[in-house]
Amino acid sequence: MRAIAQLGLCLLAFINSSGYAQDRSERSAAELMDVVMWNREPIGGHFRLTDHTGKIRSDKDFLGQIMLVYFGYTFCPDVCPTDLQQIGQAMTLLGESSNGVTPIFITLDPDRDTRELLSHYVPSFHPKIVGLTGKTNDIQALARAYKVYYAKVPVSGWARYTIDHSSYIYIMDRKGKYLGFFPPGTSAHRIASYLTPHLQGSR
Ligand code: NI
C-alpha cells in the first residue's frame, strides 16, 4: 500500500515538473512587478476554492468586507510567515474594526497545502485568516489574475522544492475592487493605519 502511494507521489511529481506552465507563472518576475508597481493592468478576479475548514468559498462571500489577499505556501521558510504575522497583528491592532476585514491566504502549492495542512497553519497567525486551496488550474488562473509571480525551484532533500513568489498584500475594497497593495515587509502598524479610514467610512 505504502509503495503504491509513493509511486503515486513520484508520478505526480514527474507530471508536475514536466509541465512548464504548472511550475511557474508564464510571465517573468520583472514584468509582473512592473505591472503591479505601476498599476498597468487590472488586478483581481473571481474564485471558487476550498477553505481550511473544508467549505467552498467564492470571492462573492467576502463582499462587504475589505479583503487582504496574499499568495504563498506553508512550507515558505521566511517571507510568508513574516507577512502573515504582520497581517495578524494588524487585525489585533484594528480591534473591533477588524470585523470589516478578511485576510485571505491562497496557497501557490496546492499539491502539498491540503485543507488539513492549512487548518493547522493559517489560524496560528489570526483566527480570521481564511486559507484557500484548490485545483492547480484554478489556483494558476487566480495567480494570473492577481499578477502573481511564482516559480517552483527544485531542492535536494525531503522538501523536494520551494516556491519563489512575489509577496504583495493586495487590498480589495468592500465591492471587491482593487484598492492597492502593501509591499513585502509592510509592518502591522502601517497596514492598520492605512485600513482605519477605509473601515470608518460608509458602513
Ligand atoms: Ni512565501
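# A guided tour from the nickel site to the core

The chain exposes about 10700 Å², and carbon and sulfur atoms supply 59% of that area; accessible areas come from the Shrake-Rupley method with a 1.4 Å probe, and for residues only the protein chains shown count as cover. This is a predicted model, in which local features need pLDDT of at least 70 and side-chain atom pairs count only at pLDDT 80 or more, while totals for chains, interfaces and linings use all residues. Residues are numbered from 1 along each chain as its sequence is written, and side-chain values use heavy atoms, with hydrogens and water left out.

**The whole chain.** Of the 203 residues in the chain, 46% are buried, where buried means under 20% relative accessible area, exposed over 50%, and partly exposed in between (1.4 Å probe, protein chains only). Among contacts (heavy atoms within 4.5 Å) between residues at least 6 apart in sequence, 70% join residues at least 24 apart.

**The nickel ion.** Select the nickel ion next, and ask which atoms coordinate the nickel ion. They are SG of Cys76, SG of Cys80 and NE2 of His165, at 2.0 to 2.2 Å; donors are N, O and S atoms within 2.8 Å of the metal (3.2 Å for Na, K and Ca), and water is not among the atoms, so sites may look incomplete. Along the chain, the donors of the nickel ion follow the spacing C-x3-C-x84-H. Cys80 belongs to helix α4 and His165 to strand β7, so this pair ties together parts that are 85 residues apart in sequence. Cys76 counts as buried because its relative accessibility is 8%, Cys80 because its value is 0%, and His165 because its relative accessible area is 14%. If you search for disulfides, meaning pairs of cysteine sulfur atoms within 2.5 Å, you will find zero in the structure.

From His165, step along to Ser167, which is placed in the loop between β7 (161–165) and β8 and, at 7% relative accessibility, counts as buried. Neighbours within four places in sequence aside, Ser167 is in contact with Tyr70, Val79, Asp83, Pro183 and Pro184. Leaving aside neighbours within four places in sequence, Phe75 is in contact with Arg112, Asp113 and Trp158. Phe75 and Arg112 are 37 residues apart along the chain, and 8.7 Å separates their C-alpha atoms.

**The largest nonpolar core.** A nonpolar core is a set of buried Ala, Val, Leu, Ile, Met, Phe, Trp, Tyr and Cys residues joined through side-chain atoms within 4.5 Å. The largest one holds 51 residues, of which Leu68, Phe71, Phe105, Ile106, Tyr146, Tyr170 and Leu195 touch the most other members. Show what surrounds Tyr170: apart from neighbours within four places in sequence, its contacts include Val36, Ile43, Leu68, Phe71, Tyr146 and Phe181.

**Helix α7.** An α-helix has 3.6 residues a turn, so residues three or four places apart point the same way. The 13 residues of helix α7 (residues 188–200) should span 18 Å at 1.5 Å a residue, and the end C-alpha atoms are 18 Å apart, which agrees; the expected span is 1.5 Å times one less than the number of residues.

**Helix α6 and positive phi angles.** In helix α6 (residues 136–145), the buried residues are Ile139, Gln140, Leu142, Ala143 and Ala145. Lys147, which follows α6, has a positive phi, near 60 degrees. Most residues other than glycine have a negative phi. Asn39, in the loop between α3 (29–37) and β1 (48–51), has a positive phi near 55 degrees, and counts as exposed because its relative accessible area is 51%. Finish at Arg160, in the loop between β6 (150–154) and β7, whose phi is positive at about 65 degrees and which, at 39% relative accessibility, counts as partly exposed.

Conventions
Helices (H or I, at least four residues) and strands (E, at least two) are DSSP runs, numbered from the N terminus.
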